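Reader: Before going through the assignments, I would like the grounds for each term that is used.

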Amino acid sequence: MKILVADDSRVMRQIVIRTLRQAGYDDHDIVEAEDGADALAKVSSEKPDLVLSDWNMPNMTGIECLQAMRASGSAVPFGFVTSEGSPEMREKAATAGALFLIAKPFTEDTFKEHLDEVIA
Amino acid sequence: MTGFPGSHGDTGERRRTSDAPVLITDLLDQETVQSIAQEAWSALVGDDEFLVPLPGGPPDDAVSSWVEIVGPWTGTVVLTCSRATAEELSRCLLGEHAPPVLDEEDIQDGLGELANVVGGNVKGVLPGPSVLGLPEVGNAPEAGAPADTCRVDLLWRGQSLTISVQGSAGAPLDQ
């Protein structure tokens, strides 16, 4: 499985990748994107099986990226990993087609809870 | 039906410029800020990393990161420490991926992301709807009135670290 990790913070991308490994998902290919626009381009070029994306990013936000993906017909599973987890954001994420929203800070248990059903 | 405002569940209450401003000290206490920060530290910096509520004095070479919150309460969440502490924090965040010598971009990125996570969770306990800005790093923005500031002085590994949830400077507190 190929997982696309989108976050404008390189440090946070490393933390997400490390947490994926700690949660037991250590045999998957990881692709990184540094904002929503980069993620959208890499969904086409890299064809990931799952996108884990920050919400608040320059150039294109995570929700804009998801909406653009769905508008273009892409059904790639998409989850948010973001510093905010308000009910309004969760509802907006779900409406746009996200499978889940993981709020930072997170642990490997949080990842397992949300990803076990997605990553067979 | 397109009735006037107030005809459908609208209480008619409106915030007037003469109303008392929303102060952060009415919305948030120091214990909550410290608890949010400790959760971020435990999850991101390390399981055994603790923030001790003791003032360590202002660092000589202070660097700050912050995020802005705009909503019913508007201000910034500012994290301030010495540059050496910021470097140590970023090294912890990167873990095994930390290079022998961290470049400035990684240090700013790490400190900014900590402010982002703490700020995002502070926003979560404030009345909404609010918008969170992107993290910035540099010299801390000027604080607003003391009455609109919730500040915690902490020690991490014996080094001074301050988190200030502060109203924007120049906010109309005296109207």
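Reader: What makes helix 3 of chain A a helix that lies across strands, and which strands are they?

Author: The model is predicted, with local features needing pLDDT of at least 70 and side-chain atom pairs pLDDT 80 or more, while totals for chains, interfaces and linings use all residues. Residues are numbered from 1 along each chain as its sequence is written, with chains lettered from A and ligands numbered from 1 in the order written. Helices (DSSP runs of H or I, at least four residues) and strands (E, at least two) are numbered from the N terminus. Helix 3 (residues 62-71) of chain A lies across strand 1, strand 3 and strand 4 of chain A, at about 175° to strand 4. Angles run from 0 to 180 degrees between N-to-C directions, with axes fitted to C-alpha atoms, for helices over the stretch in contact.

Reader: How do you know that strand 4 and strand 5 of chain A pair?

Author: Pairing requires at least two bridges found by DSSP. These strands have four, in the parallel sense, so they pair by that definition. A:Gly79 has A:Phe100 as its bridge partner in strand 5 of chain A.

Reader: Why is one side of strand 2 and of strand 5 of chain A left without a neighbour in the sheet?

Author: The open sheet has five strands in the order 2-1-3-4-5, with parallel pairing. Strand 2 (29-33) and strand 5 (100-103) stand at its edges, each with a single partner strand, so one side of each has no neighbour there.

Reader: How many residues of chain B are in contact with chain A?

Author: Contact means C-beta atoms, placed from the backbone, within 7 Å. On that basis 23 residues of chain B touch 18 of chain A. Helix 3 of chain B gives the largest share of its side, 10 residues.

Methods:
Two residues are in contact if their C-beta atoms, placed from the backbone, lie within 7 Å.
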